[in-house]
Amino acid sequence: MTIEKTGRIIWHDLLTGDRQRSMSFYERVAGWTYETEHATDFAWGGGEKDFILALEGDEAGAGFAETPPEMPNGWIAYVEVLDVDATVAHAERLGGVIARPPFEVPGVGRNALLRDPLGALIGVSISRHTYPVPRRQFGLEVYLTDASPFPKEFYLQLFDWKISSSTVGEQVGDMIAGPSGENVAVHLARKIPTDARAVWMPGIKVAHPTVSLNEAKVLGADPFSGMLPDPAQQHGAFMRDPDGALSCLVSA
């Protein structure tokens with residue numbers, strides 16, 4: 001872990017019911033390549049299993065795993081913190097729920113999973129690897145709510161994020177910056193194609209979001225809620241992949 005990473009989203013896991021299909025999907029849509037790492041004590045279920053790293057060039061910012069029985073399919077973002085156990089305890093005091101208590105990922109770091117006061121799943125991590133913040137694979141994280149306000153106090157207290165109302169395209173939302181002042185996420189209120197009140201989803205960088213979305217639809221993805229203009233006036237599109245995982249395709 002480095003201080004520069006603190007408060008940043010430093011990793012994503014994709015839990016999928018069909019790992020090979022998901023690999024083929026994101027290879028076609030995002031241009032990712034893959035490496036296989038063999039784990040002797042796998043973080044998702046234990047035992048000896050292979051873990052798939054998703055790469056953009058030499059940047060590794062995501063991993064694919066078969067969905068364990070107690071979890072839904074979908075993306076999980078991890079925020080770097082100084083102390084995972086202290087962060088989990090603080091989250092409970094702030095109205096969050098522990099979805100998975102702190103656990104070790106040998107050679108990688110220490111993680112935990114939380115649900116915020118609206119039920120959105122978010123990971124926390126202290127990393128012991130050398131991978132940098134994945135800037136080529138991922139843009140701003142997107143937090144969608146139904147009609148609920150963003151739980152500002154929870155995230156302000158937990159991650160020292162700075163949160164301000166802003167016009168995002170033609171819609172008023174919340175811009176979310178890390179302790180360094182660099183934007184890490186955006187909140188928007190619009191219909192979510194699940195029963196959830198709120199959800200975190202990654203901004204996956206692609207060369208041409210519209211082209212990639214069309215490719216995604218051919219492969220079985222469903223677009224939803226129209227287009228998302230980001231603060232840099234680069235455009236992206238929301239989609240649900242063939243396995244049900246939500247994400248936003250954004251301009252690289």
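Helices here are DSSP runs of type H or I with at least four residues, numbered from the N terminus. The exercises below concern a predicted model.

**Exercise 1.** Work out in which helix Thr-87 lies, whether Thr-87 counts as buried or exposed, and which residues Thr-87 touches beyond four places away in sequence.

*Solution.*
1. Begin with the location: Thr-87 belongs to helix α2, which covers residues 84-93.
2. Next, consider the accessibility: buried means under 20% relative accessible area, and Thr-87 counts as buried because its relative accessibility is 9%.
3. Then look at the side chain of Thr-87, which has a polar atom 2.8 Å from the backbone oxygen of Asp-83.
4. Finally, leaving aside residues up to four places away in sequence, Thr-87 touches Val-81, Val-124, Leu-158 and Phe-159.

**Exercise 2.** Describe how buried and exposed residues are arranged on helix α4, using the buried residues and the exposed residues on the face turned away from them.

*Solution.*
1. Start with Pro-209, which is found in helix α4, residues 209-218, and which is buried because its relative accessible area is 8%.
2. Now list the buried residues of α4, which are Pro-209, Ser-212, Leu-213 and Ala-216. These residues lie on the same side of α4, because they cover an arc of only 100° around the axis.
3. Turn to the face of α4 that points away from this buried side, where the exposed residues Val-211 and Val-218 are carried.
4. To finish, follow the chain just past α4, where Gly-220 takes a positive phi of about 110°.

**Exercise 3.** State how far apart Pro-209 and Ala-252 are in sequence and in space.

*Solution.* Along the sequence, Pro-209 and Ala-252 are 43 residues apart, while in space their C-alpha atoms are 8.8 Å apart.

Definitions and conventions: Residues numbered from 1 in each chain as written. Predicted model: local features only at pLDDT ≥ 70, side-chain atom pairs only at ≥ 80, totals over all residues. Heavy atoms only, no water. Helix = DSSP H or I, 4+ residues; strand = E, 2+ residues; numbered from the N terminus. Buried < 20%, exposed > 50% of the residue type's maximum accessible area, 1.4 Å probe, protein only. Polar contact = N/O pair within 3.5 Å; in protein donor to acceptor, adjacent residues only side chain to side chain. Contact = heavy atoms within 4.5 Å. Arc of directions from axis to C-beta.
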